[in-house]
Amino acid sequence: MNIHIPRGTEDLLPEQTKTWQIIEDTLKQLSERYHYHEIRTPMFERTELFQRGVGDTTDIVQKEMYTFTDRGGRSLTLRPEGTASVARSYVQNKMHGNPEQPTKLYYLGPMFRYERPQQGRTRQFTQFGIEAIGSADPAIDAEVIAFAMDCYQDLGLKSLKLVLNSLGDHESREAHRQALVDHFKPHEDELCSDCQMRLEQNPLRLLDCKVDQDHPSMQNAPSILDYLNDYSQQYFIDVKKHLDAMGIDYVVDDALVRGLDYYTHTAFEIMSEADGFGSITTLSGGGRYNGLIQDIGGPEISGIGFALSIERLIMALEAEGISLDSEDELDCYVITMGDEAKFAGSKLVYQLRKAGFIVDQDYLDKKMKAQFKAADRYQASYAIVIGESEIEQGVANIKRLEDGEQKTIAIDDVKAQIEQGL
RNA sequence: GCGGCCGUGGCGAAGUGGUUAACGCACCGGAUUGUGGUUCCGGCACGCGUGGGUUCGAUCCCCACCGGUCGCCCCA
């Protein structure tokens, strides 16, 4: 083994890309139905975009970014997520000026995070996501959540759990933050070192600490839901009412905290409950970001979005035993014997392909028996045999492999014969 | 970034400090000089992740590195 694939990356081989194509097609069709349009942004951005957009205190920015300096001395970063780039493009292209509002966008592509790889977590992974920018209507929060659920349901997944929370607006968050600090400060010495740091930087994260989850102070920790101001509370109620109206089930979990700084109000995650899923059960996540556009220099416009990992989606499909593979079947396999016949074979294969059939032939100089085996393995409907004697008579043998039925006809009539069956 | 487990042919998988590294699938050839899917026979690792070390001798023991996997952190 000479040069190995970089750690945490993977090749997708033909037997897998088929599945990917089906998933991508499904997601794109879904996007059209929900009236979202594709946006493609660069795979790398100025590093400041993520520092400001994703948040300096987040793990992503602090220890997971692929950052490098280009030859012009600029600090660039391979995108670790999609929202910051979309928001940047929204601002740069002044999309808030477009007549169609809100702006509804989707994207699909690789993201990069420097992490210790394990199943469901690679250093390059693929996200599909949507962003609806320019509306602060609870109805569109529900639309985004419904869209997220449909991504899985359209592919046949059943064991799903939608977890919902509200992080409130800025005022509510601040009140809650202060309450958290007041609550945990007396116990600071008893908490793990990570939590001691969280207390300073991001007290919200204390709530989903695994180390200290049994600590008595966790039991009666202040819940964000108790600190929502009137507006935030009503917003959350309305989102739930829209979901109820659509018949979408969810569970509210006030411990659901998202890892990116820009979230406000609605936050949600979709998890797989299928057996055989390891510790990583989160399939997708999203939420509302009412300060993000402004944070990166745009107008005061709010948005909401979500992102899912195609890799984890495929894991979920496998866990539920759903296969999207379609048969890769040939219409015809052309078998030739002898040098002259090879030329006639090339001509016939070409003509049949032009006529729209899926056709192949042997390129390894195999014996006839081996050529038949190949035709069989490729599940060809017909084998067309051309040898020296057929060349002399200008004919070809067409054999229907399913039942062995065979006919000899003029080689120029093969196309017509295949078109109407035997 | 931390801890546990693991790394044998295209794939799955046995195995031992010492002549030819089981077996299954796949593949190739033959039985049947031009007709497949069955059967039978035969072939298929100068090598046991990489590099060092211990040893008379290592795939098997030790170390480092690389990679995978599980858990933690965190997340999609």
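**Around Phe128**

Modeller: Gladly! Leaving out residues up to four places away in sequence, Phe128 touches Leu27, Ser31, Tyr106, Tyr107, Leu108, Phe147, Cys151, Phe306, Ala307, Leu308 and Ile310. Please keep in mind that this is a predicted model.

Biologist: What makes each of those a touch of Phe128?

Modeller: The cut-off is heavy atoms within 4.5 Å. Leu27 and Phe147 are among the residues that pass it with Phe128.

Biologist: Which residues have the most contacts inside the largest nonpolar core?

Modeller: They are Ile23, Tyr36, Phe128, Phe147 and Phe306, in a core of 46 residues. Several elements supply at least two residues each, including α1, β6 (124–133), β9 (264–272) and β11 (303–309). Helix α5 gives the most, with 10 residues. Apart from this core lies another, of 29 residues, with Phe50, Val54, Met95 and Met111 among them.

Biologist: Why is such a set called a nonpolar core?

Modeller: Because its members must be buried residues of the listed nonpolar kinds, joined through side-chain atoms within 4.5 Å. As background, nonpolar side chains tend to be buried together in soluble globular proteins.

Biologist: How do α1 and α5 pack, and at what angle?

Modeller: Helix α1 (residues 14–33) and helix α5 (residues 138–153) pack at about 145°, and their axes are 10 Å apart. Their crossing is right-handed. On the α1 side, Leu27, Leu30 and Ser31 take part, and they meet Phe147, Asp150 and Cys151 of α5.

Biologist: What makes up the contact of α1 with α5 by class?

Modeller: There are four nonpolar residues, one polar and one charged.

Biologist: Why is Ser31 called buried?

Modeller: Buried means under 20% relative accessible area. Ser31 has 0%, so Ser31 is buried. This residue of helix α1 touches Tyr36, Tyr106, Phe128 and Phe147, not counting residues up to four places away in sequence.

Biologist: Why is Glu131 called buried?

Modeller: Its relative accessible area is 0%, and the limit is under 20%, so Glu131 is buried. Glu131 belongs to strand β6. Beyond neighbours within four places in sequence, its contacts include Tyr36, Thr83, Lys104, Leu105 and Tyr289. Leu105 is 26 residues away in sequence and 5.3 Å away in space, C-alpha to C-alpha.

**Backbone details**

Biologist: Where is the cis peptide bond with omega near -5°?

Modeller: The bond runs from Gln101 to Pro102. Pro102 sits in the loop between α4 (83–92) and β5 (103–112).

Biologist: What is the phi of His35, a residue that is not a glycine?

Modeller: His35 has a positive phi of about 65°. His35 lies in the loop between α1 and β1 (37–38). His265 has a positive phi too, of about 55°, and is not a glycine either. His265 is in strand β9.

Biologist: Is His265 buried or exposed?

Modeller: At 1% relative accessibility, His265 is under the 20% limit and therefore counts as buried.

**Domains**

Biologist: Which residues make up domain 1 and domain 2 of chain A?

Modeller: The domain assignment gives 14–169 + 229–319 for domain 1, and 332–419 for domain 2. Their C-alpha centres lie 51 Å apart.

Note on methods:
Residues are numbered from 1 along each chain as its sequence is written. Chains are lettered from A and ligands numbered from 1 in the order in which they are written. This is a predicted model: local features need pLDDT of at least 70, side-chain atom pairs count only at pLDDT 80 or more; totals for chains, interfaces and linings use all residues. Side-chain values use heavy atoms; hydrogens and water are left out. Axes are lines fitted to C-alpha atoms, for helices over the stretch in contact, and angles run from 0 to 180 degrees between N-to-C directions. Helices (H or I, at least four residues) and strands (E, at least two) are DSSP runs, numbered from the N terminus. A crossing is left-handed if the near helix is turned anticlockwise from the far one by less than a right angle, and right-handed if clockwise. Ala, Val, Leu, Ile, Met, Phe, Trp, Tyr, Cys and Pro count as nonpolar, Asp, Glu, Lys and Arg as charged, and the others, Gly among them, as polar. Domain bounds come from an automatic or database domain assignment. Buried means under 20% relative accessible area, exposed over 50%, partly exposed in between (1.4 Å probe, protein chains only).
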